[in-house]
Amino acid sequence: GLLLGPGFARCWRPRPRRALLFLAVENTALALSGLALWHFASPPRVRGNAATGGSDASFFSSSPVSSTVWLVLAAICMAVEKAASRTQQANVEKHQVVLAVPAGVANTVGLSRANARLVQIDLAFAAAAPFLVSFLTAPRRFGFRNTIPVLVLAQAAIAVATVPLVLRVASAPHSSMASTTPSSSSSASAPTKTKAAANANVSAEMTSQAKQRAESYLSHRSLPSPKSPRLILLATGLLYFTVVSPGGIFLSWLKDTGIDPYYVATFSSAGQAAGIAGSLIVPPMVGRFGLTSAALMLLGFQTAMVAFVALAVNVLQQPSSLLSASSSSSSSSSSFPWSVAVACFGCVVSRLGLWGVDLSLRQIVQSRTRNANRVQTFGLQEGWTQFISLLLYMVVSSDAFAFETLCAMSACALGSALVCVWVDGGQGTTRAAAEQEEQQQCCK
């Protein structure tokens, strides 16, 4: 994912054929990863043991080496699927949405609302996903292994159904400045009877051609921003160096403590629902305080909540390794459930700030990138985020730090992101100012 994210973004072109190619790569990789996981989750087969006359339960039809191969193949295919999916997502949710909203200072809130609505749709499905998976993986229904092909088929059906929308988005104009030829040009084809009318007709055609060249210039070229969004991209990556999120590491900690899977799924869903609430408060804050000020306030709130979780688990619970056996956690003190409840509450509330910060920083990057380079820029951001996630998992897998220490490190990472946004200061040419300067140069 670290390599494929920027690579796929660099190969992206706003063309229907390229969109179909990415869609085919995404779903083919998804099917292959599902097949690999299905084989990896296959139960061991037994064969008769001639010496004992019975069965040898220790004999596996596939050796540990082959099981590892299936798992690695699944991981590679999932990385390809994720890279192709994120590239198309960056084109729709982070680039086309900018072109759909007219440029201008007054429309900053409009772009914020459009970004928030797209995120709300994603989070709504993410909130329903844990319950759906819990329902499908129940032993009375499909089970874990048989749920994999069910989800792959569902994704394939969705992909086929959305092909017309994918083609329509890929065929959309590359700039919000694009417009059709003026209606006055249609009268240019009418027969003229006088020389003056013919001259006027030629003048109208030349004016129309000049306008088309100007629109083509504006749609394919933007002035470089005097201030690079590198610090904003760095801050966005640091947001994900955290274990305080309703994701894998935090869920592993909850399962390690013996929490019922239903309550784990409820917690994960509540975290996504809190993200929806966080996206609702971003447009009013952007309209009142501005992009950078809103990002600083929301990031400060998230940092405080993660620090609160780190303080709670360190005070209410004795330090324990994240990857320790669950038997050791079952003998914890009576105050241990309080640490779980407080940590889950703080994690859910922190999602209000996380998605608010994510939307604010996303809009800052959108306002500082050229139309031709916006997808590639977000591809670099995806690669940086993957690197941060990889670094975090390397720290966790080393088993050198307790979960309480990882929470404290997460708070420090968010503090570093806060410093990056504060140093950046929100200065730099906005999209509206850049397009206004482009218009002046085009007129010249």
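Is Asn 115 buried or exposed, and what is its relative accessibility? In this predicted model, Asn 115 counts as buried, at a relative accessibility of 1%.

## Asn 115 and its surroundings

Asn 115 belongs to helix H4, which covers residues 108-136. Once neighbours within four places in sequence are set aside, the residues in contact with Asn 115 are Glu 93, Val 97, Leu 359, Arg 362, Gln 363 and Gln 366.

## Overall architecture

The protein chain contains 16 helices and two strands, and 40% of its 444 residues are buried. Of the contacts between residues at least 6 apart in sequence, 84% join residues at least 24 apart. The chain exposes about 23300 Å², of which carbon and sulfur atoms supply 65%.

## Gly 271 in helix H10

Gly 271 sits in helix H10, residues 261-289, and is buried, with a relative accessible area of 0%. Not counting residues up to four places away in sequence, Gly 271 touches Pro 246, Val 348 and Arg 351. Between the C-alpha atoms of Gly 271 and Ala 126 there are 9.6 Å in space, although the two residues are 145 apart in sequence.

In soluble globular proteins, nonpolar side chains tend to be buried together. Here the largest nonpolar core has 58 residues, and the members that touch the most others are Val 243, Phe 250, Trp 253, Leu 254, Phe 267 and Leu 361. At least two residues of this core come from each of H4, H8 (230-238), H9 (248-256), H10, H11 (291-316), H13 (336-368), H14 (374-397) and H15 (403-424). Helix H13 gives the largest share, twelve residues.

Leu 361, leaving out residues up to four places away in sequence, touches Ile 232, Ala 235, Thr 236, Leu 239, Ala 295 and Val 421. A second, separate core is made of twelve residues, among them Ala 19, Phe 22, Ala 83 and Ala 170.

Helix H14 has 24 residues and reaches 35 Å from its first C-alpha to its last, close to the 34 Å expected at 1.5 Å a residue. After H14 comes Asp 399, whose phi is positive, near 55 degrees.

Phe 387 is placed in helix H14 and counts as partly exposed, at 36% relative accessibility. Together with Leu 2, Leu 3, Leu 390, Leu 391 and Met 394, Phe 387 makes a nonpolar surface patch of about 580 Å².

## Salt bridges

Side chains of opposite charge can pair when their charged atoms come close. The count of salt bridges in this model comes to three. In one of them, the side chains of Glu 382 and Arg 86 meet at 2.9 Å, N to O, and the pair links distant parts of the chain, with Glu 382 in helix H14 and Arg 86 in helix H3 (residues 64-100), 296 residues apart. Glu 382 counts as buried, at 15% relative accessibility, whereas Arg 86 is partly exposed, with a relative accessible area of 34%.

Arg 368 forms a salt bridge with Asp 424, with their closest N and O atoms 2.9 Å apart. This pair links distant parts of the chain, Arg 368 in helix H13 and Asp 424 in helix H15, 56 residues apart, and both Arg 368 and Asp 424 are buried.

Technical notes: Residues are numbered from 1 along each chain as its sequence is written. This is a predicted model: local features need pLDDT of at least 70, side-chain atom pairs count only at pLDDT 80 or more; totals for chains, interfaces and linings use all residues. Side-chain values use heavy atoms; hydrogens and water are left out. Helices (H or I, at least four residues) and strands (E, at least two) are DSSP runs, numbered from the N terminus. Buried means under 20% relative accessible area, exposed over 50%, partly exposed in between (1.4 Å probe, protein chains only). Contact means heavy atoms within 4.5 Å. Accessible areas come from the Shrake-Rupley method with a 1.4 Å probe; for residues, only the protein chains shown count as cover. A nonpolar core is a set of buried Ala, Val, Leu, Ile, Met, Phe, Trp, Tyr and Cys residues joined through side-chain atoms within 4.5 Å. Patches are made of residues with over 30% relative accessible area and no salt bridge: like charges are joined within 9 Å, nonpolar side chains (Val, Leu, Ile, Met, Phe, Trp, Tyr) within 5 Å. A salt bridge is a side-chain nitrogen of Lys or Arg within 4 Å of a carboxyl oxygen of Asp or Glu. The expected span of a helix is 1.5 Å times one less than its number of residues.
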